[in-house]
Amino acid sequence: MEMDLDKISNLPGHVIDQILSQLSIKEAVKTSILSSKWRFKWATLPHLVFDNQCFPVSSQDQTIVKNKLVSIVDHVLLLHNGPIYKFKLSHRDLLGITDIDRWILHLSRCSIKEFVLEIWKGQRYKMPSSLFLCQNLVHLELFNCFLKPPLTFKGFGSLKSLDLQHVTLAQDVFERLISSCPLLERLTLMNFDGFAHLNINAPNLQYFDIGGVFEDISFENTSHLAVVAIGLYVNVGDDQKQVYSNSSNLLKFFVHLPLIRRLEVQSYFLKYLAVGTLPGRLPIPCVNLNFLSLRINFNDAEEVLTALCLLRSSPNLQELEILARPEELAAVAKFINFQEDDHSSFTFNQLQLVKIFGISAGSWLKNCCDSGEPPR
């Protein structure tokens, strides 16, 4: 046994670091009993993750849960020695407690690069101003939070990835936050409130994933954007159609996306793209687009025509995914005369895979019979 302990004690430092990096904080702290060399080795870990694995719940009493969690985080931060590059706090029973404020203040002095905070219960947690002092942040991920940066905030100069879900922030705050992160490459925005117009100004943005309720979206200075997944969770009403009837949402959407490679149109966003004047095809084809996913109401002529425009404008498409919205009757729209369409310039020489969901063969055949058109 003594020989085994010696082997453990004599492991090279980088090997010990590698072992500890694979353990949860709870298990890493337990290694203190192995030998004197291991006693405080865990306290140098640069990545600190406090989640359900670190702290399994054994009580339904919120006060007990809170006190235990606070005690664990306080203990680790107090004994920690060295830089903290990543800090993640995500527990299914976590509330927006005031202790988080002082933890963030402590981290703002540690050159933190990755910060993840997920508040799973209770109301939005208001982020303290000390978060906006973390100028070395590369990745920021917030869940169920309220953001209001101080007026002195000039942006995150090193931030490359921003993930905001179930957040509240004002229109001007959102625009200032995005435009003041010059290196931003990845942006995820889900279930937000406080603003309805999405103005995306991000010169290095490459990946954009958004889902929520909004009225309008525009891109500016996004020539590197290659992957877009976008879902509008509310149907576009007639009043919004009238507002944008003299323009084309479809043309406006693509004008600043010259390098787009993957596009997923989810929920009701195709309805939004259909608002306004519909061209037969885009003025500049999406020559780099190789994956296209469309959720569509086949009984809506404008949506079908919008989809056709996108298909005509994607000459190098390799994968196509069509999904009928489940609340709609998924049948081929009988009020569009496809025979009059110009199929000679509607070819897909690169197409390798087509997936279609939500369309039954019975509905399709019935619709063809009702229209007098033979199945093709």
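Is Arg 124 buried, partly exposed or exposed, at its relative accessibility? I began my notes here, keeping in mind that this is a predicted model, and I found that Arg 124 counts as partly exposed, at 29% relative accessibility.

**Entry on Arg 124 and its partner.** I looked up the side chain of Arg 124 next and saw that it meets the side chain of Asp 193 in a salt bridge, at 2.8 Å from N to O. This pair links distant parts of the chain, since Arg 124 sits in the loop between strand E3 (114-119) and strand E4 (125-126), while Asp 193 sits in the loop between strand E7 (186-190) and strand E8 (197-201), 69 residues apart. Asp 193 is also partly exposed, at 31% relative accessibility.

**Entry on other salt bridges.** I noted that the count of salt bridges comes to seven. One of them joins Asp 216 and Lys 252, whose closest N and O atoms are 2.6 Å apart. Because Asp 216 lies in strand E10 and Lys 252 in helix H8 (residues 249-254), this pair ties together parts that are 36 residues apart in sequence. Asp 216 is buried, with a relative accessible area of 13%, whereas Lys 252 is partly exposed, at 28%.

I then turned to Asp 99 and Arg 102, whose side chains meet in a salt bridge of 2.9 Å, N to O. The two are three residues apart in helix H5 (residues 99-107), so they are separated by about one helical turn. Asp 99 counts as buried at 12% relative accessibility, and Arg 102 is partly exposed at 39%.

**Entry on the core.** I looked up the largest nonpolar core, which has 93 residues, and found that Phe 115, Leu 117 and Phe 253 touch the most other members. Helix H10 (residues 301-312) gives the most to this core, with six residues. Leaving out residues up to four places away in sequence, I listed what Phe 115 touches, including Phe 87, Ile 104, Met 127, His 139 and Glu 141.

**Entry on Thr 222.** I found Thr 222 in the loop between strand E10 (216-220) and strand E11 (227-232), and it is buried, with a relative accessible area of 1%. A polar atom of its side chain lies 2.9 Å from the backbone oxygen of His 256. Beyond neighbours within four places in sequence, Thr 222 is in contact with Ile 200, Ala 202, His 256 and Leu 257.

Last, I noted a nonpolar surface patch of about 250 Å², made by Val 213, Tyr 233 and Val 234. Val 234 is in the loop between E11 and helix H7 (238-243), and is partly exposed at 36%.

Definitions and conventions:
Residues numbered from 1 in each chain as written. Predicted model: local features only at pLDDT ≥ 70, side-chain atom pairs only at ≥ 80, totals over all residues. Heavy atoms only, no water. Helix = DSSP H or I, 4+ residues; strand = E, 2+ residues; numbered from the N terminus. Buried < 20%, exposed > 50% of the residue type's maximum accessible area, 1.4 Å probe, protein only. Polar contact = N/O pair within 3.5 Å; in protein donor to acceptor, adjacent residues only side chain to side chain. Contact = heavy atoms within 4.5 Å. Patch = residues over 30% accessible without salt bridge, like charges linked within 9 Å, V, L, I, M, F, W, Y side chains within 5 Å. Areas by Shrake-Rupley, 256 points an atom, 1.4 Å probe, with all protein chains shown as cover. Salt bridge = Lys/Arg side-chain N within 4 Å of Asp/Glu carboxyl O. Core = buried A, V, L, I, M, F, W, Y, C linked by side-chain atoms within 4.5 Å.
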